Amino acid sequence: MIRRLLLPAVLTGLALTAPARADFRLCNNTSTRVSVAIAYTDGKSWLSEGWWNLRPTACETLLRGPLAAQFYYVYAMDERGGEWKGKAFMCTRDREFRIDGRDDCFARGYDRTGFFEIDTGRDAKSWTVQLTDPNASAQ
């Protein structure tokens, strides 16, 4: 069960293109397990999906095939209460989900969660997001 987290973490990871595969991937370069959700649009409707649970130093393909959009949205949280979040609000829930639409989350029985935006550029066919510990550089 995933609980609400109060302490924000800083996104220090970099988004990098991965030319070998045509996928949207996320790598957990932290020292704890991370739960991840993704959201995107096909130009007509919004879809949010979650949760992928990535162990430390693991990568996971969230979407397979060439990228169909320029912008994707990600929300992640770790076991210590940290979050990677943003100002693009999407619908989520505590257990595994696939939700159509981003409006009226509460009225439809969902949570409203802030995702951060990933701009993959106009011509990218694949993308990898790297999540890192916010204080890893201080050690």
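In the predicted model, the aromatic side chains form 6 aromatic pairs. A pair of aromatic rings is described by the distance of the centres and the angle of the planes. For phenylalanine 24 and tyrosine 72, the ring centres are 5.0 Å apart and the planes meet at 35 degrees, so this pair is classed as tilted; the angle falls between the limits of 30 degrees for stacked rings and 60 degrees for edge-to-face rings. The two residues belong to distant parts of the chain, 48 residues apart: phenylalanine 24 is located in strand β2 (residues 23-29) and tyrosine 72 in strand β6 (residues 71-78). Phenylalanine 24 and tyrosine 72 are both buried.

An edge-to-face arrangement is found for tryptophan 51 and tyrosine 75, with 6.1 Å from centre to centre and 65 degrees between the planes. Tryptophan 51 is part of strand β4 (residues 46-54) and tyrosine 75 is part of strand β6, so this pair ties together parts of the chain that are 24 residues apart in sequence. Both tryptophan 51 and tyrosine 75 are buried. These two residues also belong to one aromatic cluster, which is formed by Trp51, Tyr75, Phe97 and Phe115.

The charged end of arginine 102 sits over the ring of tryptophan 46, at 4.6 Å from the ring centre. In a further case, the ring of phenylalanine 89 has the charged end of arginine 112 over it, 3.9 Å from the centre of the ring.

Terms used
Residues numbered from 1 in each chain as written. Predicted model: local features only at pLDDT ≥ 70, side-chain atom pairs only at ≥ 80, totals over all residues. Heavy atoms only, no water. Phe/Tyr/Trp six-rings, centres within 6.5 Å; stacked < 30°, edge-to-face > 60°. Helix = DSSP H or I, 4+ residues; strand = E, 2+ residues; numbered from the N terminus. Buried < 20%, exposed > 50% of the residue type's maximum accessible area, 1.4 Å probe, protein only. Lys NZ or Arg CZ within 6 Å of the ring centre and 35° of its normal.
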